[in-house]
Amino acid sequence: MNDFMQTVDWSRAQFALTAIYHWLFVPLTLGLGFICAIMETVYYRTGDEFWKRTTKFWLRLFGINFAIGIATGLILEFEFGTNWSNYSHFVGDIFGAPLAIEGIMAFFLEATFVAVVFFGWNKVSKGFHLASTWLTAIGANLSALWILVANAWMQYPVGCTFNLETVRNEMTSFWDVLFSPVAVNKFTHTVTSSFVLAAVFVIGVSAWYLLKGREEKMAKKSIAIASVFGLIFSLVTAFSGDRSGAIIAEVQPMKLAAMEGLYDGEEGAGLTVIGILRPESERSSNDAAFYFKLGIPKLLSIMSYRDAEAYVAGINDLVNGNPAYGIMSAEEKIERGRKAVEELARYRDAKRNGDQAAIDEITAEFDPSTPEGEEFLREYFAYFGYGYLDSPSDIVPDVPLTFYMFRIMVGLGAFFILLFAVFLWLSYKDRLERYRWILWIAIFSVPLAYLAGQAGWCIAEVGRQPWVIQDLMPTSIAASRIGSGAVITTFFLFLALFSILLAAELRIMFKQIALGPDKEK
Amino acid sequence: MDTMIFLQHYWWFIISLLGALLVFLLFVQGGQGLLYTIGRTPDQRNMIVNTLGRKWEFTFTTLVTFGGAFFASFPLFYSTSFGGAFYVWMLILFVFVIQAVAYEYRRKPDNLLGEKTFDLFLMINGVAGALLLGVAVGTLFTGANFTVDRLNISDLGGDTTISQWSNRWHGLEALLDYRNIALGLAVLFLSRLLGLHYFLNTIDDAEIRERSRKRSLCAAVPFLVFFLTFLVSLMFAAGYAYDPATGAIAVEPYKYLHNMLEMPVVTTVMLIGIVMVICGIVAGGLKGSRKAIWMSGSGTVLTVLALLLTAGWNRTCYYPSLSDMQSSLNIANSSSSRFTLTAMSIVSLLIPFVIAYIWYAWRALTRTPLTSDEIKKDEHAY
């Protein structure tokens with residue numbers, strides 16, 4: 001492997017590291033912000049000091065997470081430039097805008113009102129404080145909106161066209177980018193899954209108090225709010241997840257095939273519930289892919305196309321092509337992509353040699369306003385990224401990771417719905433203390449909620465490889481040309497720093513939970 | 001004026017304004033660097049950290065927004081500078097990460113590293129953050145070692161990287177140019193000056209006030225020396241000018257001096273800014289005035305704004321390439337498309353609204369100066 005390919009791998013590792021850590025802190029704040037706002041609203045309406053004390057306790061845990069979420073977020077934003085220089089040029093015209101809007105619209109909202117939330121209790125009116133808490137929560141979720149729009153665009157690049165003169169993709173419709181089905185669904189799914197995590201967290205911490213026989217009133221009331229909040233949003237997460245499956249079938253069929261370990265496409269394809277994959281060399285067909293599997297017939301077709309007999313493409317179909325279902329082979333796509341890249345190379349030579357006839361000819365080819373240009377862009381440039389791939393099998397992501405993470409995510413998602421339902425019922429009947437084992441389960445569910453979120457991102461990001469921008473740019477040519485040694489150095493520096501900060505964060509958090517809310521006045 | 005040209009100038013103005021606000025907000029860093037100099041007792045240090053702690057998020061957010069806005073409006077700068085001057089930007093990020101947690105964690109029980117370590121984080125960020133940002137901004141005038149060839153991406157099987165750095169130092173070489181160092185040190189001492197003026201404004205403690213007053217004069221001297229060194233060197237420096245019609249780039253002796261003469265409004269803004277900073281220095285240093293921060297702060301914003309406009313307006317390359325002159329970046333050859341700039345401009349209309357609510361919330365929180373008693377009563381104090 002040459003040094004640049006090592007740089008690419010370490011840049012990926014560094015980005016994954018930052019994203020993983022970022023996602024350990026952010027989801028809690030996304031959901032807990034709203035839970036605190038709900039609690040403070042009750043305080044505002046009733047004037048009961050108990051609710052103020054409860055709100056303040058949860059806000060303290062919110063604050064501990066908030067700071068470190070911001071810190072890791074800063075690195076993520078700048079890493080697009082530091083580590084993914086080609087990417088930043090090639091699509092910066094589209095990708096930069098959401099990041100800037102995120103800063104202007106959301107970050108300042110968060111930063112301004114979070115200071116009022118923490119320091120304003122005795123300085124501003126009750127109404128202003130309540131508004132600040134809501135605005136902090138809204139600001140945090142607005143930040144999530146814009147970065148998720150940006151991520152969605154990478155998975156499904158819409159609302160843009162290629163400009164030959166600037167050699168980059170440029171935005172043609174802001175609304176197409178903002179309201180693409182992938183963006184809308186990704187936002188709903190990711191944000192509500194964060195609400196689920198926050199609800200599990202509140203229930204888990206409250207369960208610990210109940211087991212200890214401390215702060216019972218606060219614990220019970222918190223569970224009452226969190227179980228309703230959690231149940232509502234876990235259902236939304238489930239529905240948006242289901243919708244996500246259908247969208248992926250449309251826009252990223254390879255990701256879907258990898259998630260399912262589906263090698264040969266089928267009509268009326270079944271959904272694998274659990275299974276153990278064989279090693280890669282043996283996974284040549286559906287029968288050879290698994291040691292064993294349990295599935296539900298037809299369900300994958302229903303989930304993907306809302307039709308029990310619909311055809312779902314498999315990995316082999318997408319690699320080798322399947323004319324019967326109109327699937328082009330990866331080899332053909334690679335050829336078309338190369339043609340597009342080679343036209344760019346020819347354009348470069350023509351410019352160097354001052355060959356105006358060739359320049360005009362190629363310019364016409366890339367002009368979306370003419371029928372020829374429109375055809376070239378659709379038939380060739382649409383596969384631009386394939387031009388850089390070496391072989392058709394490069395388009396297959398890591399199947400086991402995608403497959404298992406999907407099962408973990410969905411399994412845990414279903415478990416959380418049950419957990420919320422049980423806690424809601426117990427809370428309603430006021431029987432929480434009677435079932436100590438259920439309280440223990442709630443405590444152990446907290447790390448599982450984090451696992452579910454990480455698994456989700458793993459599917460989204462590993463499952464789309466080799467693409468950094470679907471079909472247009474493979475990860476391998478997106479990176480900055482810095483020596484691998486430099487990236488290895490920063491990788492380990494950040495690993496050490498984030499790990500120490502995580503350890504500090506956890507200790508502080510556990511201590512604050514052990515200390516509990518302020519003494520009653 | 002052609003719409004595209006207007007948009008490019010407008011966005012360079014926004015970037016310059018964000019940069020100017022960022023330099024003003026570095027008073028947080030300046031104050032952090034003086035934590036032990038001004039705060040002799042734990043009580044005093046707590047007051048300092050708590051008064052800065054109400055503002056650090058704004059500096060941080062402005063830095064992030066500055067980055068995001070630069071990315072959106074001039075993506076080629078983002079991909080060239082960040083991916084090229086890798087070490088410098090990574091160092092900057094590193095010292096900002098350790099800041100972000102330090103406030104919240106420093107006095108929390110069981111914080112693993114201890115209060116002193118988190119205070120050290122604040123001081124490292126306070127000194128290195130301001131210094132390195134100043135050095136990085138210096139390269140907008142002094143240039144950097146990069147080449148840009150967009151069509152590299154067509155080099156199948158070869159080197160497809162568009163923006164390349166021509167040495168292995170990846171940005172650290174900026175530290176070898178005395179002008180970058182001068183600007184870095186000027187920003188550092190300016191941030192300290194502003195930090196001290198901020199203490200005068202927000203802390204109700206006789207010892208801290210007196211110490212801040214005296215110390216502000218000590219910071220003012222090196223600030224003026226380094227700033228004038230940079231400014232004078234800039235007046236004599238050659239710059240790269242581009243021809244808007246052909247895009248060709250050529251050396252122009254005394255380019256920045258010409259810019260000041262050809263843009264009298266910008267120069268006037270800069271002069272007003274410098275005078276205001278000096279008035280702030282006098283008011284803070286001689287009289288210990290609470291209002292010094294408003295003068296020195298507004299002066300800083302005006303000066304930095306004008307300085308950055310001098311770097312990018314008037315057909316100037318704002319990021320000169322020392323390796324290949326024609327690769328140099330200017331607002332015409334590095335901007336986003338007309339569509340994106342227009343969309344972003346509509347969003348930028350929100351900025352006054354954002355500034356208004358920040359102002360409102362600040363006023364609500366800092367109507368009265370901070371006292372030691374208040375911190376003791378506040379359960380969320382840092």
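## Chain B as a whole

In chain B, 76% of the contacts with a separation of 6 or more are between residues 24 or more positions apart; two residues are in contact if their C-beta atoms, placed from the backbone, lie within 7 Å. The model is predicted: local features need pLDDT of at least 70 and side-chain atom pairs count only at pLDDT 80 or more, while totals for chains, interfaces and linings use all residues. Residues are numbered from 1 along each chain as its sequence is written, and chains are lettered from A and ligands numbered from 1 in the order in which they are written.

Chain B has 16 helices and six strands, where helices (H or I, at least four residues) and strands (E, at least two) are DSSP runs numbered from the N terminus. Its radius of gyration is 21 Å, close to the 21 Å that the globule rule gives for 382 residues, so chain B is as compact as a globular protein of that length. That radius is taken over C-alpha atoms, and the rule is 2.2 Å times the number of residues to the power 0.38. The C-alpha atoms of chain B fill a box of roughly 65 × 45 × 40 Å along the principal axes. Of its 382 residues, 59% count as buried. A residue is buried with 20 or more other C-beta atoms within 10 Å of its own, exposed with 12 or fewer, and partly exposed in between, with C-beta atoms placed from the backbone.

## One residue of chain B

B:Ser233 lies in helix α10 (residues 206-236) of chain B. With 17 other C-beta atoms within 10 Å, B:Ser233 is partly exposed. Between B:Ser233 and B:Ile346 there are 38 Å, C-alpha to C-alpha, and the two are 113 residues apart in sequence.

## Where the chains meet

Contacts link 71 residues of chain A with 68 residues of chain B. On the chain A side, α3(A) gives the most, with 25 residues. That side divides into 41 nonpolar, 19 polar and eleven charged residues (nonpolar: Ala, Val, Leu, Ile, Met, Phe, Trp, Tyr, Cys and Pro; charged: Asp, Glu, Lys and Arg; polar: the others, Gly among them).

## The nonpolar core

The largest nonpolar core has 307 residues, and A:Ile35 and B:Ala186 have the most contacts inside it. Such a core is a set of buried Ala, Val, Leu, Ile, Met, Phe, Trp, Tyr and Cys residues joined through C-beta atoms within 7 Å. The largest share of this core, 22 residues, comes from α3(A).

Leaving aside neighbours within four places in sequence, A:Ile35 is in contact with residues including A:Trp58, A:Ala198 and A:Phe229.
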